[in-house]
Amino acid sequence: MKETDLKKFRTLLLQKRETMTDEISGISSRFDATLKEKTGDLSSHSYHMADQGTDAMEREMAFARGAKSGRFVHHIDDALLRIEDGTYGKCFECGKTIPMKRLKVVPHARFCIACKEAEEKKKPPNVKKSKR
Ligand SMILES: [Zn+2]
């Protein structure tokens, strides 16, 4: 992917991230005070691949974990890391380039459409137990 395109997607991802974290901080600000005292340990515990002074970010994700928006931010952060290490825009499954059209709609996409669909098919929508 061209560097200019990468920059475009980085901007897009950062914008999305900001919108999401605004929502999260709205939800979680009231937990913040108590969490600051309790998470002394948590900030040094890296459950995420990122190891570049992202303590604040990790704490933010830690208390947003479980929340839908928190998971979304996590996906965005992952995508931003992939931009940094040069794997952005490649399908996790087949390694092919994810079409730009798809990335514009879902900038944090990890799979190409074919693999995404295949993955969704793998999950049985409703496992019916056969009666004997
Ligand atoms: Zn694929």
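Predicted model: local features only at pLDDT ≥ 70, side-chain atom pairs only at ≥ 80, totals over all residues.
Is Tyr-88 buried or exposed? Tyr-88 is buried, with a relative accessible area of 5%.

Cys-91 and Cys-112 link distant parts of the chain, 21 residues apart. Cys-91 belongs to the loop between helix 3 (68-85) and helix 4 (100-105), while Cys-112 belongs to the loop between helix 4 and helix 5 (113-122). Both of these cysteines, Cys-91 and Cys-112, are buried.

**Aromatic pairs**

The model has 2 aromatic pairs. A pair of rings is described by the distance of the centres and the angle of the planes.

| Pair | Centre to centre | Angle between planes | Class |
|---|---|---|---|
| Phe-9 and Tyr-88 | 5.6 Å | 50° | tilted |
| Phe-92 and Phe-111 | 6.1 Å | 75° | edge-to-face |

Phe-9 lies in helix 1 (residues 3-38) and Tyr-88 in the loop between helix 3 and helix 4, so this pair links parts of the chain that are 79 residues apart. Phe-9 has a relative accessibility of 5% and counts as buried, and Tyr-88 is buried at 5% as well.

Why is the pair of Phe-92 and Phe-111 edge-to-face? The planes of the two rings stand at 75°, and an angle over 60 degrees counts as edge-to-face. Phe-92 is in the loop between helix 3 and helix 4, and Phe-111 is in the loop between helix 4 and helix 5, so the pair ties together parts 19 residues apart in sequence. Phe-92 is partly exposed, at 48% relative accessibility, whereas Phe-111 is buried, with a relative accessible area of 12%.

**His-108**

The loop between helix 4 and helix 5 also holds His-108. His-108 counts as buried because its relative accessible area is 15%, and buried means under 20%. Which residues is His-108 in contact with, leaving aside its neighbours within four places in sequence? They are Leu-13, Phe-72, His-75, Ile-76, Ala-79 and Arg-82.

Definitions and conventions. Residues numbered from 1 in each chain as written. Heavy atoms only, no water. Helix = DSSP H or I, 4+ residues; strand = E, 2+ residues; numbered from the N terminus. Buried < 20%, exposed > 50% of the residue type's maximum accessible area, 1.4 Å probe, protein only. Phe/Tyr/Trp six-rings, centres within 6.5 Å; stacked < 30°, edge-to-face > 60°. Contact = heavy atoms within 4.5 Å.
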